[in-house]
Amino acid sequence: MPRRPENKKVNIVSENNFPTAAGMASSASGYCAMSAALIRAFKSTTNVSMLARLGSGSACRSAFGGFVMWNKGEKPDGSDCVATQFVDETHWPEIQVMCAVLKGAQKDVSSTKGMQQSLKTSPLMKKRISETVPERMKIASRAIKARDFATFAEIAMLESDDLQEICATTEPKITYATEDSYAMIRLVKAYNAKKGRTALAYTFDAGANCFLFVLKEDLPEAVAMLMEHFPTPFEKFFFGDRELLEKVKVVSLPDEYKKLIDHPKKPFEMLLQSPVGCGVKYLGPSESLIPPRV
């Protein structure tokens, strides 16, 4: 007879190659990976997204690749509060995600605690939950399916701006953004204005670090523009696409994009780049973080 699951012991090792608890959803990858591994180890039929959500809300979205929607659910037990994929990672390969790490240190107010405070005290939350989010979800979904970058980008930035307002109207006030964060917002807006179109979009999670959306063809110039204002050595670049990185190194930036804002020049702690990724992926023993048994 096999041993009962509750008598089994597990050894879990989790590592990030980017800052933890700094507003970059670092818990998403960790909890989702752990949930997927436990489900396989115990031969369970539990929904990976649902189990991951118990550890971190962000983690439920990491179970799938491409673009996903987090459903609020209706059941009292929360079993239908899960993410579902609506287009996979092959749908829009041109779109790229970057993260400019401005402050890698752990933030003072956790995402969970901050959201709980905002739900209780911010006067903006009621309308946001009942009207704003559902409507923007529809617009964003249509934009993604149509590969409409301009509309998608505008929704992303509106959502980010709303988060800052919610934090400002929470009691006590929550401050995630720094002066560098606000400088990035001004810089992206100034760049788009000079371009005459929305070529770059910013968004902030509950933290100071700036996420950026850009199409692959626009990325080299956009990064060169960022480096003009936040000069960062290439050793601090962590790009999933090496060819894109090489293009960044040789691009020539027009003078009109060199002095878009007045802000002290300082480097990013890191600049990360990734295409839209896949969901859960099981690796072989050779890639395990746990040394094999002798």
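Lys43 lies in the loop between helix H1 (26–41) and helix H2 (48–55), where helices (H or I, at least four residues) and strands (E, at least two) are DSSP runs numbered from the N terminus. Phi of Lys43 is near 50°, a positive value in a residue other than glycine. The model is predicted, and local features need pLDDT of at least 70, side-chain atom pairs count only at pLDDT 80 or more, and totals for chains, interfaces and linings use all residues. Residues are numbered from 1 along each chain as its sequence is written, and side-chain values use heavy atoms, with hydrogens and water left out.

The protein chain is divided into domain 1 (26–89) and domain 2 (95–275), with bounds that come from an automatic or database domain assignment. Taken over C-alpha atoms, the centres of domain 1 and domain 2 are separated by 25 Å. Four residues from domain 1 and six residues from domain 2 take part in the contact, defined by heavy atoms within 4.5 Å.

Between domain 1 and domain 2 an area of about 470 Å² is buried, and carbon and sulfur atoms give 86% of this area. Buried area is the accessible area (1.4 Å probe) that two parts lose on being put together, summed over both. In domain 1, the residues that lose the most area to domain 2 are Phe67, Met69 and Phe86, together 81% of what that side buries. Strand S1 (67–70) and strand S2 (83–87) each supply at least two residues of the side of domain 1 that touches domain 2. The residues of this side comprise four nonpolar, no polar and no charged; Ala, Val, Leu, Ile, Met, Phe, Trp, Tyr, Cys and Pro count as nonpolar, Asp, Glu, Lys and Arg as charged, and the others, Gly among them, as polar.

The count of salt bridges (a side-chain nitrogen of Lys or Arg within 4 Å of a carboxyl oxygen of Asp or Glu) between domain 1 and domain 2 is zero. The structure as such holds eleven salt bridges. One of them joins Glu159 and Arg136, with the closest N and O atoms 2.7 Å apart. This pair links distant parts of the chain, Glu159 in helix H5 (residues 149–168) and Arg136 in helix H4 (residues 125–146), 23 residues apart.

Nine aromatic pairs are counted; rings of Phe, Tyr and Trp (its six-membered ring) pair if their centres lie within 6.5 Å, and planes under 30 degrees apart count as stacked, over 60 as edge-to-face and the rest as tilted. Among them is the tilted pair of Phe67 and Trp92, at 6.2 Å centre to centre and 35° between the planes.

The peptide bond from Glu171 to Pro172 is cis, with omega near -10°.
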